[in-house]
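Please examine the sequence and the structure displayed below. The paragraphs that follow lead from the sheet to the helices and then to one residue in a loop.

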Amino acid sequence: MAKRILIVDDDLSVRTLFSETLTSEGFEVSTAADGEQGLARLIEGGFDLVLLDVMMPKIDGLGIL
């Protein structure tokens with residue numbers, strides 16, 4: 001079973017780069033475009049790792065942490 005990673009970043013190019021790289025290495029990747037979306041996905045649970053941007057709209061990475 002693939003490890004699940006959540007990427008929370010407001011920069012589409014960063015999300016795409018990390019997502020493509022990690023998916024090619026066999027990880028199951030989910031993404032969120034801002035802190036609110038990220039927190040909602042986190043509450044759903046099941047992630048082995050979360051990569052957070054620190055400066056984002058709505059809720060920043062430190063707020064989620």
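Helices (H or I, at least four residues) and strands (E, at least two) are DSSP runs, numbered from the N terminus. This is a predicted model, in which local features need pLDDT of at least 70 and side-chain atom pairs count only at pLDDT 80 or more, while totals for chains, interfaces and linings use all residues. Residues are numbered from 1 along each chain as its sequence is written, and side-chain values use heavy atoms, with hydrogens and water left out.

Three strands form an open sheet in the order E2-E1-E3, with parallel pairing; two strands pair if DSSP finds at least two bridges between them. Strand E2 (28-32) and E3 are the edge strands, each pairing on one side only. On average, neighbouring strands of this sheet are turned by 20° against each other, direction ignored. Strand E1 (residues 4-8) is joined to E2 by five bridges, and Leu6 has Ser30 in E2 as its bridge partner.

Two helices lie across E1, E2 and E3: helix H1 (residues 12-24), at about 170° to E2, and helix H2 (residues 35-44), at about 160° to E1. Axes are lines fitted to C-alpha atoms, for helices over the stretch in contact (heavy atoms within 4.5 Å), and angles run from 0 to 180 degrees between N-to-C directions.

Where does Asp53 lie? Asp53 belongs to the loop between strand E3 (49-52) and helix H3 (61-64). Not counting residues up to four places away in sequence, Asp53 touches Val8, Asp9, Asp10, Asp60 and Gly61. Although Asp53 and Val8 are 45 residues apart along the chain, their C-alpha atoms are separated by 6.2 Å.
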